[in-house]
Amino acid sequence: QMMTLVECWVSRASAKQRRGRAGRVKPGVAFHLFSSLTNDTKMSAYTLPEMLRVRLDDLVMQILLLDLGEPRDFLNKAVDPPSEIAVKNSLALLQGLAAVELGEVGSEREEGNSYLTALGFHLATLPVEARVGKMLIYGALFQCLDPCLTIAATLSSRSPFMSPFDKREEADEAKKTFSINSSDHLTNLNAHTEWRKLRGGDARAFLHENFLSYTTLNNIEQMKRQFRSLLSDIGFVARRENAVENSNSQNLSLVKAVLAAGLYPNVIVAPRDLGDKTVGENAFRSLKGDVNVHPCSVVFKDTTLYSRYCVYHEIVKTKKIYVRDCTAISPLALLLFGGSLTVYQEKGVVSVDNWLRFRVSAKSATLVKHLRSQMEDRLLEKIVKPEEDTMQSKQGQILVNSVSLLLEDEEKNIIGVKSSGGGGKKDRTQDFFGGATPRGGDTKPGDWLCNSCGVNNFAKNVSCFRCNTAPPRPPPGGGRGSGAPPGFQQPQKPGDWICSSCQTNNFASRSACFKCNAPGGGGGGGGGR
């Protein structure tokens with residue numbers, strides 16, 4: 001499910017082809033830096049077919065678009081068929097993008113078979129990666145087309161920044177000057193925007209000073225025109241450029257949300273506290289396990305992030321698992337454009353695909369879910385009938401403006417909290433990712449920490465909302481009188497341990513609980529620190 005740079009020998013067929021070049025013009029000699037033993041025992045006869053080395057997302061969509069049958073069955077007819085897990089992973093990704101759906105019992109479609117949705121049909125006609133295509137369509141719908149075209153072209157091409165071996169630090173510093181809101185994608189967008197403002201000698205000097213590639217920037221510009229033409233062909237934008245399609249292009253919070261819509265579920269979550277380490281020195285959590293930010297990222301040396309939540313496009317595995325590019329996004333963007341929502345009104349929690357959890361009041365959660373429902377209905381209308389401009393209707397404009405204003409307001413609140421050192425207006429959403437221990441402002445007086453799964457619970461909860469475990473008993477002398485939040489049961493001093501039977505605090509020197517005599521202490525069943 002991720003690209004891996006693997007050191008391996010070339011095939012014997014490739015070595016033979018290279019050997020042939022030595023005698024192409026006149027007789028020559030070919031030197032190979034491997035032994036005959038390696039040639040005979042370690043090198044494969046032929047190069048592994050591309051179908052067995054790359055993702056099959058685009059191929060699966062083309063099979064469904066041409067109505068060639070179930071992708072698994074069709075690909076099994078190949079000379080070297082891909083593995084079943086590769087096809088399964090591609091179908092799972094496309095289902096997550098709402099590009100593919102499975103037939104259900106009682107429907108006209110055969111149960112268990114895969115079918116393109118209306119969105120999937122449009123994505124299959126765009127010659128770009130499915131995630132990038134979805135971002136383009138959403139950018140057109142939410143009237144922030146130009147920046148989305150630039151980001152899509154960059155993702156489909158390469159970064160415009162160069163990094164000469166002998167001037168790598170200077171190049172990194174130049175790249176840092178374009179950084180915006182802890183985002184590699186917006187950094188590339190900013191550099192491209194500044195370049196477009198210049199012409200002639202000023203542009204050449206600008207490129208040289210900032211280690212930017214003219215060839216790459218020019219390719220990005222050409223790809224933008226091609227992408228816009230493709231969107232026009234399928235009815236999502238007008239033939240001629242107009243001000244309406246870019247009316248929200250200056251709202252970078254909306255641009256990042258549209259980026260999240262395309263790249264989800266490629267999400268990584270930073271630790272609650274980076275400590276004294278830089279972003280690159282911290283491990284992030286993801287669905288693929290712990291990952292790190294690559295040194296080429298603009299946020300690698302940062303000590304703070306705009307938000308704990310980041311979306312990424314490319315992930316590779318070398319010595320570690322790295323994300324090469326990332327953009328920090330607000331929690332509201334995930335709630336509006338992420339996966340399926342589950343609202344626990346009694347608990348005051350909203351879950352995104354059952355792995356990202358946010359604390360949201362019952363009223364706000366209901367409003368978010370209603371807005372999400374309205375947004376999906378309007379998007380479906382436009383995708384099914386792109387020739388009808390549903391987003392320009394009165395209801396469509398109200399929806400677009402509401403989402404734009406909400407995201408813009410959310411960004412101002414986040415920046416306000418950071419600039420005031422945690423004071424000011426508090427984030428409306430707080431996450432409970434992976435059961436990490438809440439700290440500081442993430443809890444309220446009376447909240448309690450579950451001893452079994454580690455998630456935070458509200459004071460009114462009589463049991464853990466996740467695993468239904470009863471709350472821990474307060475330590476002797478604890479509770480409100482001791483200044484500790486009621487329900488929290490933690491060791492009083494370093495080395496102390498909590499008895500798992502009666503929840504009593506014990507000194508580090510004791511090997512058994514002084515109250516119930518249950519074993520514990522250094523590594524025993526009492527739980528330790």
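**Close-ups of rings, charges and a surface patch**

**View 1. Tyr-138, Phe-142 and Phe-337 come together as one aromatic cluster.** Rings of Phe, Tyr and Trp (its six-membered ring) pair up here if their centres lie within 6.5 Å; planes under 30 degrees apart are called stacked, over 60 edge-to-face, and the rest tilted. This is a predicted model, so local features need pLDDT of at least 70 and side-chain atom pairs count only at pLDDT 80 or more, while totals for chains, interfaces and linings use all residues. Residues are numbered from 1 along each chain as its sequence is written, and side-chain values use heavy atoms, with hydrogens and water left out.

**View 2. Here is an edge-to-face pair, Phe-142 with Phe-337.** The structure holds 8 aromatic pairs. In this one the centres are 5.5 Å apart and the planes sit at 70°. The pair ties together distant parts of the chain, 195 residues apart: Phe-142 is in the loop between α7 (130-141) and α8 (145-156), and Phe-337 is in helix α14 (residues 331-337). Helices are DSSP runs (H or I, at least four residues), numbered from the N terminus. Both Phe-142 and Phe-337 are buried (under 20% relative accessible area, 1.4 Å probe, protein chains only).

**View 3. Two charged ends sit over tyrosine rings.** For Lys-256, the charged end is 3.6 Å from the ring centre of Tyr-306. For Arg-308, the distance to the ring centre of Tyr-309 is 5.8 Å. The criterion is NZ of Lys or CZ of Arg within 6 Å of the ring centre and within 35 degrees of the ring normal.

Methods: Helix = DSSP H or I, 4+ residues; strand = E, 2+ residues; numbered from the N terminus. Buried < 20%, exposed > 50% of the residue type's maximum accessible area, 1.4 Å probe, protein only.
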